[in-house]
Structures are given as C-alpha cells and as structure tokens.
Amino acid sequence: MNPEPEQPNHDEARRTFLKQSSLLTAFAFTPGPVLQAAAAEIDEKVASAFEKVPVRLDINGQKHKLSIEPRTTLLDLLREQLGLTGTKKGCDYGQCGACTVHIDGKRVNSCLTFAVMQEGKEITTIEGLANGDKLHPMQEAFIKHDGFQCGYCTPGQIMSAVACIREGHADSDDEIREYMSGNICRCGAYANIVSAIQEVKNGGQKV
Amino acid sequence: MNQFQYVRPTKQKAAIDALAKDANAQIIAGGTNLIDLMKRGVMAPQKLVDINKLPLNKIERDGSNTRIGALALNGVVAEDKLVLEKHPLLAQALNAGASAQLRNMATVGGNMLQRTRCHYFYDTALPCNKREPGSGCGALEGFNRMHAIFGFSDKCIAVHPSDMSVALVALDATVLVSGPKGDRRIPFIDFHRLPGDTPQKDTNLEPGELITAVDIPDAPFTKNVHYLKVRERASYAFALVSVAAALNIENNTIKDARLAMGGVAHKPWRLTEAEKSLVGKPATEETFRQAAEVAMRGAKAFKYNQYKLKLAPNSIVQALKTAAAVA
Amino acid sequence: MKEQSPKQSGAIGEPMNRVDGRLKVTGAAKYSAEYELPGLVHGVLVGSTITKGTIKSIDTRQAERAPGVLAVITYLNSPKVPGFAERDHPAEPPTAGQPLRVFHDNKVLFNDQPIAIVVADTLERARYAASLVKTQYDQDKHQTNLEANLDKGFLPVQAKKNPKSPLADYQRGEVDAYKNGATKLEAEYVIPTEMHNPMELQAIIAHWEAPDKLTVYDKTQAVMGTQRAFAKDWGIPEANVKVIATFVGGAFGNGLHNWPHETAAIIAAKKTGRPVKVVLTREQMFTMVGYRPYTWQKIGMSATPDGKLTAITHESVGQTSSYEQFTESTLQQTRMMYTSPNVTTRYRIASLDVSTPIWMRGPGEATGAFALESAIDEMAYAVNMDPLEFRVRNHTDTDPDNGKPWSTKYLKECFQMGAERIGWKNRKQQPGAVRAGDWLVGYGMGVGTFGAHRGAATVRARLQKNGQLVLQSATTDIGPGTGTAMVQIAATTLGMPPEKITFQLGNSTFPQAPSQGGSSTVNTVGAAVQDACIALRKKLQQLASATPNGAAFNAAKPEDIVISEGHLSLASDKLAKAAYADLLKQNNEAEVEVVTESKPGNDRDKYSMYSYSVHFVQVHVHPLTGEVRVKKIISCADAGTIINQKTAGNQMMGGAVGGIGMALTEGAVIDDRFGRYVTKDLADYHVPVHADAPNMEFAFVNKPDPHVNALGTKGIGEIAIIGMAPAIANAVFNATGKRIRELPITPDKLI
C-alpha cells in the first residue's frame, strides 16, 4: 500500500502557486474592467499544465500507473482512456447500473466515483470476468437463458449478478429481483436474467 | 464539471483544517450524490477533501449505544449483525434506499447530507432558492408532486430524500461531529433544518464540521418495526411517502412507539404527538387510524401533491399494522 | 436441470442461442461511441434554456479559451449545410416538415434545442467548456401543453392531400352513431409523453475521411436512410457516406429519424478536421431524439344489451413540433378489430413548441389500443358481460375496414390459450371481489394488433471455399436477435450448421435493406435471406453438375435433391454426395456469390395482413397505499411462423415490461411555465426495474401466414406491447372498481 499524502498533492501545490502568481501578474498589468475575463483566462491556461494527478490502479489484474484529471470518473477513465468499453454509460448518474464494476470485490457504479479516489484498489470489469477464453458461469448462463436483447446493459447486469450471488442475495426470485433492481434493462429481459442467476446459484459453481 | 483541487488526508484534523481553510471546499466520501450534482453544475466545489482514508467506518458498542462511523457503508450497516439485532428498523430503511451498488458506495454521513431531489434544485436553468438564494422557488407554483406537506416555507417546499435518516430520527439517534471548535453532539431531530428563509442550509452543521459517527441508543424496538416506502415503482425510486414505525407491544398493549415519515418535509419528520397517542392503547387498526390523524395535523398540500394528505395517513396505518403483525 | 446440447441444428423454430451472445456478455460488442479513431475529439452540445424565441447574443469567448478546446460552433460560425432547405416546410418523409436545422439560424423552437457544440480534446474539458457558453435570448410566448391546445388540432398534410390516406377522417356506416345506441359510453383517455430511454445513450462518431467522404459510427435503426439523409444534407454522392451501426444498444424507435446531434457532430468534424464523438446526456435523451407524443383520445361506443357492438367513434389529438408533422396509426385498430357496423375515426395533431416525436415501440397502435381496449372493457361491464366473451362475440372473420379476408387470423386460439394459462375462470366480474392478504386481486386482458408489413430487401450470400457462408444486409439489430434469426433461416434453407454461417449487418455498404422498424425485419430481410439461399442452392447444384457424379445431379428432379450438414446429395443415389466446400474446390472457385433482391408479391391486394396478441394479467393493488404490482402475465401471439422460440419469447417479454412501464410508471412532465422537462433522468422518469417484472409466460400459435412471405412470418416486436397497458388498466379496474383513463396509474390515482 502506498503512503497517503497528508499534504496536498504535489502538482496541486505548484498549481496553486502558479495560479496565484499569475493572477498577481494579471492584477498588476490589467486595467480594471477586463480584469475578470483575463483572470478567468489565466486561471484556466495555467491550470491546464498542472491539472493531472498520478493514480495507480489494478484493473483486471493489470497494474496501471496513470496521470489523470481528478474530475475524471472511473467510468470515463475506463471507456475513454483505457479502451475498456465493456463497461457502459447508460445515464452517468448512478440511475441505471450499466456501469457496474467490482472494486475490491464489491459492486459499485463506476460513473459516480472519481478514478483518483480508487488509488491502489483492485477493479474488475466485464473484460476481466472470463478466465481467458473460458466464460464465467454467469456469462454462460446469460447466453443460455437469453438474459439480454440489445446487450448494452448486459455487462452491468452480469457484474451485478455475480455480486448478487456472492453477497448471498440470490435465495429466491423475489430477492434476486430486489437486489438486481439497480440494473435497468429497457429491453425488458428481466425474467431471463433471473433465470440465469438462479441457474448459476443452484449450479453450485464458484462465482 | 470544473477542475478542482483534490486532497486525501489521513488524519481527521487535517481534513477539518482543509475544510475550514476554504469556503469552497467539500468533503467527498461515497460521492454518489456530490458527483451527480457536480456533473449537472448544481454544485461546483473548488476543492474536494476525500475522507475515505479516515478511520471512521466502525460499527461498535459504546455503553448503551450502537455507534456507527460516518464512513460505514450503507450496505454494510444494513447487514451488520449488531444493527440487525438492535436496530432492525434502520436496516430496513437502508435496504429501501437506492440500489445495491449505491449502498456499497454511500456512507452513513453522506446519506444524511443528501441534497433534495427537487427537480428545480437539480436544473440550473430553473429557479431555486436552495441552489441560488433569491432566484425563487420553482416548485411552489410548479410541478410539486414530490414535495412537502409539513414544515415548508414560501422559499422552499423541497423534501429530504433519505430513507436512513427517517429511521434514525425515529430511533432518537445522535450525530457526532468534529470541527475547528472541537467536538459536539447534535440530536438527530435537530440535525436537519426546516427551510425558513435560508433553504440553502440543509443542516445545522457549522462550516468546517465533519460528521464522525451516529449513536443509536438501545431501546426495546427490536421486533415490531417496519419501514414502509411507497414509490412509483417497486424498487429503486425515491419515496412518495415513507414511514418508519417501531412499536413495543406487551399483551397487545402499546407500551411505547416511535414514528417518523419521509418524503413529507425538508427534514425527516418525527411524529412525536402521534407516538404519544399510541401509548397505552391496543395495537388495533382503529388505534393506528387515530394516530395517523394526529400525525397529519397541520399538513398542507400544493397543486400536485394533494394525494399525500391521504397517502401519508394511509401509509402510517399500514406501517403500524405491519409492524404490529411481526410475530 | 437438463443441459442443452451446445451443438444446435439451428433449424427454424429452434430456441438457438444468439449468434452474438458471446460478444455481448464479454463486453466485446462495440456500440457507436466505442470505436477508437486516431485524433478523435469530443463534442458536447449546449442546449437552449428558453422554449421559443431568438438568440440575442451568444458569448463563446470563455469557452474558446478553456484548455483543450478546439472549436465552439454556433449558428454564427457553423459551416453551412448545403442541404438545409431555406423554406421551412418542404414536405418529406418520414415526417412532413423540416427536421431541425441545427446551428442554421438564431431561432429557438423548443427548450434544450442544441444551440452550440463545444469540441475539445477530452470529454471532461469539452463538458466543462460547454458550461461556459453564455447565451441571451429574446423570448416569445410558448405553448407546450397539449390539453390546453386541443382546439388547435389539425388534419396532417398527408390526409389533406389525400382523402384515402389512413390518417384521413374515416367512417363506416353512420357518423357518430353511438349517440343513438342502446347502451352507450363516452370517455376521454390520456397518455403522457413517454420516452424511449434505451440504455445506450444516443451517440455518433463523425469522420470526414476526405472533404467529400463521410463515415459515421451512428446509433441508428436505418443505416441506409441515414446514408441518404447525410448525403443529401452535404450534397455528396450516397456512395461517399458510410454508416456503421453494428450494435445498437436499444432504440425502440428513436433511431428511425435523424436528429440534430448527428448533424452537429458532422458539422464539428468538418470544422475541426478531426473525428468528433458526441454522446448525449440522459437529459438530452428527453429533448433531442423523439418520444411517444402526449395524446388525448375520446371514444364513444354503443352496444346492444346482448353485447353486440353497434358503433364506435374514436378521436385522437397527438402533439407534434412546430417544424415537423409527426403522425402515427393511432386509430387503425378501431377500424378493423371488431365487427361494428358504424365506425367513425378522426385523427388530428397539434403543433407545440416542443421537439418532434418519433414512433415508440408499438407506436400509435399502442396509444390507440389503450383507449379502445379500455373502452371495450368498460362496455363489457356496461352490458354485464365477461370482457373475454364480449370480445369473442364481436370478433370479425373479415376485415370490416375493407372487406378483404384476413391472410391468417388466430385470435380466438390466442384467447383460449391465454385464458387457460392465467386462470381466467378465477376472475370475478364484480370488482374488488378477490383478495390476497391485504391486497386486492384483479384480472384484465387487452388485445393488440399490428400490420404484417414486408418491404423490399437485397441480400448477398457468399459461400467460401472453407465452407463458411457469409450473408450481408444493410439492416440493423436493435435487440430482437436479427442476426440469429437470419442464420437460422439460412441454416434451414441451405442445410448448413449455424456455426458455419455469419450474418453481417449494420453497414450501409451492404446490400439494401429498410430500417429496422414496424416489426418487419424478419418479414422483409428474412424472406430475402431465404431467397438468396435458394439461389445459392441452385448455383451449388450447377457446380455439382461438373463433378464426377455430375450427370446424376444434372438429371435430378428438384425433389430428389437433399441438402443437409453442408452437403448436397441425391435421395435416389447414395453415391451422389458432395460437401459444399468440395464443390467449390472441384470447380476451382474461391467462392460462390449470389445477390438477390426480394420483394413482396401482390397478395397484399387480396388480403388484410395483421399480427395479433392477447395479453392476460393478474395484478395486486394495495387498498391503502395504491401501489400496483403486476403478479402474472400471459401473452399469446399469432405472429405467424416463429423463427426462434427463445428470442421471440424474449421479444414478448420486453413488450410486456414496456407495457408495465406504460401502464404504471412512465410519463415525462414539462413545467409549462418554462416549457422545460422537469422529469428528465432515470430517477425521475421511472422505467420498470427488475422488481416490477413478474413471472411471465408466452405462447405462440406458430402457424405460418402463407401470404406475407414464404417463411410465414408476421412480426412480433410491436404486438408484444400493443394492448398490454389496457390489460393492466382493466385488471386494476377489476381489482378496485376504479377506471383510470389517464396513464400512468400511479398510487395517487388509486387512493
């Protein structure tokens, strides 16, 4: 585990300094009426050079050392920067579950966390669920029970379904329905998804 | 979303310092509400203080209290043995909220600090006194289906969206906070505010204060409890009305009761008078109806939430019936 | 549990697993926003915050200076789109009028209309810079409330031009005869604006590969329609526009039109010289890509005391935008479903200051069926008759709309199958008579119908030396399992194992196919696949003539030819057998290819062609809280031949869930003071979740319709939802005695 900085991040310190000094310069040389616009400009341009912070993440067993903006969500990092587009964006507000991934084994909405907050964590996405060419039993069960149509919510449903069993929330159809309600399937393949989860649960395979 | 400074202190004091130093700083823990609001431009902190490294996630006994750390995850609390045994109402309320994924992210402290789901608060193109004091209340004459029937002002008719808080206010919880001026304890019932003329303030937290834990006192509400949440679909939706009901019944007589409602006010709405009306009476539907009537005194509705004047008392009756029926 | 054999023959009807299942469960299926192109940049749209008026000033300076920003495009600096007509209303399909001309002028026609696009090197930077664009407006008074504007309803332009248009006023028998009926009812029905809300956000990557050569990775149900539209917009040959939509993350109709964000991305790519990706936000999905229009309906109905319908009048007013006339077939079911001697229909639309609607699953038919099938239930109660018996009594054996015979109609079989499975006999006519604990129990039914449409399509079939068959068609798959059905049709027609067949779609360079919509893909493209495979079979037979056993094949009668397991053989001669791959090798052919065009015949002139569904539901209603839980659904369908029982069942299931949403949870609300949606994300607009979906059962009559195509298919997607909402509303009435005529049936309406 890496030591956590008590101090603000090193980039941030520099950024703050530069921001302030540039602003001071701007104040000194700019006539009053345009000050605000100029300040805004300098603020942004100076910031741009120093706005990234280092982050280390373990994604699907692979270690990543990254430099990212703190405002980058885990979801956008996966999709837009790492090419891991299996994790889907369906709402971006934690209201659909398409972006579900596992962080240290727990299912979460990757759209509602900044990647920088997951420093040092182990992240599993749909791309990391199968064992090489061998599909995870839940993936097999989704195919067999036709637990999808368009396929867009499917990675999130599968990640959530695996967690649902691991958590011990798959003891009945109704319990599965309740604990899978954070994953919306607009195509409406719900009953097939429940069947898939039941089969994996009852199959006794390790999930 | 604007850029912001990001700091991750490991000591409580450093967190409070970072918070106190900068009026534009916000704490981030689970992030499930704050990030949502930042994406929509409703909140735009210049600095985020990530407190996830603070050791505030324990659930433990403290004398005759159960102490739940502010960073305990909703999903963890809902399944904690101690909580299930001593405060099953809290577990029910937590499980009625959000989704399994969100409960794995959201913390107890963050849940209390959820902002309202009022449509006008959430859309920066519409007026809202809570988001932008002085801009007007969009909901007052607008689409106020989800809005308050108690304790509102002409500045704000929003409701607090938390389920957990409805259980905590019913269970006489206390919020432990730590700030630049030291530590203090806030009774849960005083933690959230009514809007009055300053709806921008949701709670009585002072600037720079950090929630560290919640204490729940032991009480004999371990069996006949029920959290009823009425919503527009079967799960994963905010409450139209919710009811936290806890009864201590001996020989079919109600010895003591706790009752609170969600979805009806700017804060979780404790129904003390209705509780009193239940004590000493038989646990019958007639008793529950009378209590519901007491509970509804002073309620007033707007154009689109008239139904709450009926749904709220009905829900109280149903919640009490279900609680009483627990064998 | 018995495991299915992983090896499947893929014969028509078999519940074969989806051919693209593995790609979907591993996250490898690529949707529009997921292509990596060198130099790709991100575009974020800025929407208007007023509803009607003009832009007075738009200040982009701050946004332009923000880090990473490449361009901020507004009407002031947008590259001109040559095809944007200067006239406001050239009448063009699919909707009459002019699709929104994005960044064309300073006019604002609806709230959240795109008025600028900000392009930056990262998504975060583009999003932030978009928040810095500052706009001032001159506001005009707007109208966004349909019910306040019913009197402004007008006849759509098609109907004005052509009195025979299905949208024109219709009458059979006496006008408004219900008014003189023995037992009569008159009621108004309202459905709110409903949003398609597919899980995939609408997305496009636009890339100008050369100044006159455009490639788009676009979420659309019509790659060729999109190709035509963009070629016309930019004044370039259609061949220069390539549209890719390999996977579509749900659409339900909102990919049947081209929308402003698509053109905005193309404009931005033009301006910056970079490939530009635009992904809508969930809020923008409410304002920029269509919706099921808010619709007011009125039904007048009369019947004899013994339950024979004597007259129906059905009127409807649906909303459209100020710049396009959107229309749908809301009243068709009323014209043809029941034997009523007198039928009057009047269809109107009203222009509001909103964006243009677009067909949403089951489109107008689902809207109309809510009113009609609710009214039928009401009338059954009015004459004190079981609603199932009432429908049987008014069943019609020919199309009363035009007098033609039905191509096939097995509606009565559906009635019987469904009634048995749901336990209709447990239903009590008296509302509120059945209880389960605290909950009231109700049973209801509804009927749906949709035209069995077939268009023209071309399919390329290419058999390769390695024995693999590749089929290509410019159709799309928004979720029903198009590729899977096509592989099964080919496997059956050519006698090949399905794993040797690939069906490629979602690419405008493939042979012509219509959009995926109106439940017509299998009817149309399936028939074309079958025809292509038959043509290929003939070619293989010719190749066989040139082999050592050629003489036998040459002389063989068609019925003597056997195709099986990728071999051609003769029933009469055991020695005459050749693998397809060997036929190619022996003839020195690298591949055999056929390209076959396939069109409907003239049976449509002789028959009325429809699919049918009957939905039976059981609901529980809580008398105190007004919550409704659908506990059981049985849907039975007469959809002709079923190509794949598994994916067809899934289609029915999806329609049922969509129907639950329509009936109980969905409705988008505009605050008319601002003209702005206030419920515009998935927390405020409630689509059904897992907990809303009960156990369901589906049954198909599965008898071929010989007149639609040689496969005998009729179409499933629409009838899966049409009639479901009234079935639920009728069940709620049976449980509570409360007739809810305004959807959705939320708890407040039942307490």
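Domain bounds, as used here, come from an automatic or database domain assignment. On that basis chain B is divided into domain 1 (5-49) and domain 2 (224-325), and the C-alpha centres of these two domains of chain B lie 36 Å apart.

This is a predicted model, in which local features need pLDDT of at least 70 and side-chain atom pairs count only at pLDDT 80 or more, whereas totals for chains, interfaces and linings use all residues. Residues are numbered from 1 along each chain as its sequence is written, chains are lettered from A and ligands numbered from 1 in the order in which they are written, and side-chain values use heavy atoms, with hydrogens and water left out. The predictor gives the complex an ipTM of 0.97 and a pTM of 0.95.

Consider next the meeting of chain A and chain B, where 40 residues of chain A are in contact (heavy atoms within 4.5 Å) with 42 residues of chain B. Together the two chains bury about 3,500 Å², 51% of it on carbon and sulfur atoms; buried area is the accessible area (1.4 Å probe) that two parts lose on being put together, summed over both. One salt bridge is found across this interface, a salt bridge being a side-chain nitrogen of Lys or Arg within 4 Å of a carboxyl oxygen of Asp or Glu. B:Lys39 forms a salt bridge with A:Asp92, and their closest N and O atoms are 2.8 Å apart.

Chain C has a mean pLDDT (the predictor's confidence in each residue, from 0 to 100) of 95, with 97% of its residues reaching 70 or more. Over residues 1-6 of chain C, however, the pLDDT is below 50, and this stretch has eight contacts in the model beyond near neighbours in sequence.

The domain assignment of chain C gives domain 1 (34-141 + 201-248 + 255-287), domain 2 (149-193 + 291-453 + 605-749) and domain 3 (457-599). The centres of domain 1 and domain 2 of chain C, taken over C-alpha atoms, are separated by 36 Å, and the contact between them takes 25 residues from domain 1 and 24 residues from domain 2.
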